[in-house]
Amino acid sequence: MSRKPKIIVFDLDYTLWPFWVDTHFTPPFKKKGSVIVDAHGKIIHCYKEVPAVLKRLSDEGYELGVASRTSEIQGANQLLNLFNWEQYFKYKEIYPGNKLTHFSKIQKASGNDYKDMIFFDDEHRNIVDVNKLGVTCIFVRDGVSHTVVENALKDF
C-alpha cells in the first residue's frame, strides 16, 4: 500500500454496534458475567467482527477515533469501556451536533490533514458533510467488518 491514512474514525450507532444507544437500550450499562446488559437486563452486542478489526488496526499502528452525534454521551462512553475499546481510541468526539464539528476537533487535536483520514458511518448525510472536508468517507450498510475496512484501505 503506497499511501496509508493517519487516522481512522468510526461512527458508533449502526457502524460499530447494531442499535442507537440513545433509544434502543436503557442506561446504565454493566457487565453481567461475560455479557453487557442495560438497566432492564437486555443483552447488548456489537457487530461480530468489530473487536478484531479495532485490535488489528491498533496493532498495525493506526490512530483511531470516534465521531458520534448521540445525545446519550455517558452511555456511549460506558459501552466503549465495557466492550474494552477505550484503549483503541485516541480521539473521542461524542455529543449531538454536526459531524463537521467532530472532525474539526479531531483535526486540531491531531494536527493531521483531513485528506489523511478515513471515516466510516451508516448515515448518508454524515458521509456527504464530512466528504466536503476532504476526508475519505465510507458508507457502512451492515456494520464494520474486515472486508469493509480492507476495501477502504485499498481504495484510500
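Colleague: Okay, so helices here are DSSP runs of H or I with at least four residues, strands are runs of E with at least two, and both are numbered from the N terminus. With that in hand, which residue just after α1 takes a positive phi?

Modeller: That's Gly61, with a phi of about 95 degrees. Keep in mind that this is a predicted model.

Colleague: And α1 itself, which of its residues are buried?

Modeller: Helix α1 covers residues 50-59, and its buried residues are Val50, Val53, Leu54, Arg56 and Leu57. Looking down the axis of α1, those residues fall within an arc of 165 degrees, so they line one face of the helix.

Colleague: Let's go to α5 then. Where is His146?

Modeller: His146 is in α5, which spans residues 146-155. Leaving out residues up to four places away in sequence, His146 touches Glu49, Ala52, Val53 and Arg56. Val53 and Arg56 are also among the buried residues of α1.

Colleague: How many residues apart along the chain are His146 and Glu49?

Modeller: They're 97 residues apart, yet their C-alpha atoms are separated by 6.7 Å.

Colleague: Is His146 buried or partly exposed?

Modeller: His146 counts as partly exposed, because its relative accessibility is 28% and the buried class stops under 20%.

Colleague: New topic: Asp121. Which strand is it in?

Modeller: Asp121 is in β7. That strand covers residues 117-121 and pairs with β8 (residues 136-139) in the parallel sense, over 4 bridges. The bridge partner of Asp121 in β8 is Phe139.

Colleague: How does the chain cross from β7 to β8?

Modeller: The chain passes through helix α4 (residues 124-131), and this β-α-β crossover is right-handed.

Colleague: Back to Asp121: buried or exposed?

Modeller: Buried, with a relative accessible area of 0%. Its contacts beyond four places in sequence include Asp11, Thr15, Lys99, Asn126 and Phe139.

Colleague: Which side chain makes a polar contact with the side chain of Asp121?

Modeller: The side chain of Asn126 does, at 3.2 Å.

Colleague: How many bridges join β2 to β3?

Modeller: 3 bridges, with β3 spanning residues 35-37. Lys30, for instance, stands opposite Val37 in β3.

Colleague: And cysteines: how many disulfides does the structure hold?

Modeller: It holds 0 disulfides. As for individual cysteines, Cys46 counts as buried at 19% relative accessibility, and Cys137 is buried too, with a relative accessible area of 16%.

Colleague: Then where is the cis peptide bond?

Modeller: It joins Pro27 and Pro28, with omega about 5 degrees. Pro28 is in the loop between β1 and β2.

Colleague: What about Tyr14, what is its phi?

Modeller: Tyr14 has a positive phi of about 60 degrees although it isn't a glycine. Tyr14 lies in the loop between β1 and β2, and it is partly exposed, with a relative accessible area of 24%.

Colleague: And where is Asn84?

Modeller: Asn84 is in the loop between α2 (73-82) and β6. Its phi is positive at about 65 degrees although it is not a glycine. Asn84 is partly exposed, with a relative accessible area of 48%.

Terms used: Residues numbered from 1 in each chain as written. Predicted model: local features only at pLDDT ≥ 70, side-chain atom pairs only at ≥ 80, totals over all residues. Heavy atoms only, no water. Buried < 20%, exposed > 50% of the residue type's maximum accessible area, 1.4 Å probe, protein only. Contact = heavy atoms within 4.5 Å. Pairing = 2+ DSSP bridges. Right-handed = clockwise from strand over helix to strand, strands pointing away. Disulfide = S-S within 2.5 Å. Polar contact = N/O pair within 3.5 Å; in protein donor to acceptor, adjacent residues only side chain to side chain. Arc of directions from axis to C-beta.
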